[in-house]
Amino acid sequence: MGVPGFPDALRVLSRDAGCDLHRVLAAACGPVPAWDPVVYLADFAHTVLFPLAADVAEERVAGTMAGRTFTTGQPVASAGDGSARVWVPVVEQTTRTGVLAITVPEASEAVLAQAEMLGVFAGLAVAAAARVTDVPYVRRRGRAMSLPAGMQWDLLPPLSARTAGAVIAGVLEPAYDIAGDAFDYAVNGDDLHFAIIDGLGHGIGSTLLTGLAVGAYRHARRDGASLAGMHTAIDAALAGYYDDVSFATGIVARLATGPGRLEWSCAGHPRPLLLRGRKVAAELDCEATLPFGLSGGTPVPGVCELEPGDAVLLYTDGVVEARTPDGELFGTDRLADLLEREAASGQPAEELLHRLVRAVLDHQAGGLRDDATLLLVQWTGR
């Protein structure tokens with residue numbers, strides 16, 4: 001059993017910014033030995049896995065081996081005649097973005113371990129290539145996307161991340177037509193900063209408004225502003241640019257991952273849910289200001305001392321205000337019940353959120369009237 005040929009693969013990658021990623025992966029697979037590598041990237045709705053190679057068929061997330069690997073994050077193998085086909089997650093740092101399929105002589109434990117490292121390498125190679133070529137983006141898109149949605153996806157960080165003390169994951173729907181909802185986060189040392197924003201209205205105007213809010217948040221955060229300072233920076237940016245009643249609701253928060261101390265401020269936004277012991281223990285509350293852009297003043301942040309395993313769910317009003325055709329609201333109680341049920345299933349944070357948002361889509365028969373965004377932050381302990 002060899003080791004992946006990462007030096008050879010890196011040489012190929014470094015010589016051509018827009019190179020064929022199949023050649024890069026083939027170079028990495030050679031010494032293992034492994035062959036026939038195929039990278040599949042999840043579409044924006046996480047329902048289909050699209051291959052980077054144009055001559056390979058797509059795979060559904062539901063009901064396939066590739067989909068099982070993507071959903072669970074675990075390797076899957078299928079034995080053949082003298083070889084085995086193996087599927088492993090494609091991971092960008094800690095975010096699963098797709099699946100790598102390779103063929104190996106046998107799916108031993110050592111081979112699977114090497115295959116998983118190839119999946120990590122594939123994620124980093126795809127992420128590097130995506131900065132200079134549109135190919136990964138176009139392949140995973142799969143179908144037409146609105147201009148506001150395309151702009152919004154470009155604004156977002158990776159949909160999930162893990163640190164030594166916390167997990168964060170987010171999801172947005174409708175994935176191909178969002179406009180106005182966004183979230184952002186940054187892991188800065190022992191602090192996990194995060195925010196959720198819901199801009200007024202729909203379409204391109206709402207996307208631009210939210211983009212300004214996120215930009216102001218990032219600028220203040222990178223300048224070392226306090227939590228209240230980040231909040232007021234967003235408010236000032238919107239109020240200073242718009243001379244009408246344009247506004248955004250939102251929550252700005254910071255989790256100190258050492259002691260598990262959560263601080264947050266609220267600008268006219270729905271209150272987060274605290275999940276403790278797989279039960280919704282409370283709606284977190286603080287003294288809310290007016291929405292961003294309406295000169296709501298300096299906030300008084302709320303503080304919560306988390307216990308190991310606690311999770312906090314932030315969401316936009318498009319989640320709880322989703323309606324059935326006859327007008328029945330999805331509601332906070334239903335969201336809390338589903339959160340408890342899915343938390344009890346032990347699914348990873350990313351899959352838990354996708355199950356929640358699928359329930360919202362099912363409730364409204366697949367057609368949301370407003371963006372529905374969920375952001376889950378869990379403190380795993382010291």
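Reader: Which charged end sits over the ring of phenylalanine 44?

Author: That's arginine 140, whose charged end lies 4.0 Å from the ring's centre. The rule wants NZ of Lys or CZ of Arg within 6 Å of the ring centre and within 35 degrees of the ring normal. Keep in mind that this is a predicted model: local features need pLDDT of at least 70, side-chain atom pairs count only at pLDDT 80 or more, and totals for chains, interfaces and linings use all residues. Residues are numbered from 1 along each chain as its sequence is written, and side-chain values use heavy atoms, leaving out hydrogens and water.

Reader: How many aromatic pairs are there?

Author: A pair of aromatic rings is described by the distance of the centres and the angle of the planes. Rings of Phe, Tyr and Trp (its six-membered ring) pair if their centres lie within 6.5 Å; planes under 30 degrees apart are stacked, over 60 edge-to-face, and the rest tilted. The count here is five aromatic pairs. In one of them, phenylalanine 44 and tyrosine 176 have centres 6.0 Å apart and planes at 85°, so they're edge-to-face.

Reader: Where do phenylalanine 44 and tyrosine 176 lie?

Author: Phenylalanine 44 is in the loop between β1 (35-42) and β2 (48-51), and tyrosine 176 in the loop between β8 (166-173) and β9 (181-188), so the pair ties together parts 132 residues apart in sequence. Strands (E, at least two residues) are DSSP runs, numbered from the N terminus.

Reader: Is phenylalanine 44 buried or exposed?

Author: Buried means under 20% relative accessible area, exposed over 50%, partly exposed in between (1.4 Å probe, protein chains only). At 3%, phenylalanine 44 is buried.

Notes. Helix = DSSP H or I, 4+ residues; strand = E, 2+ residues; numbered from the N terminus.
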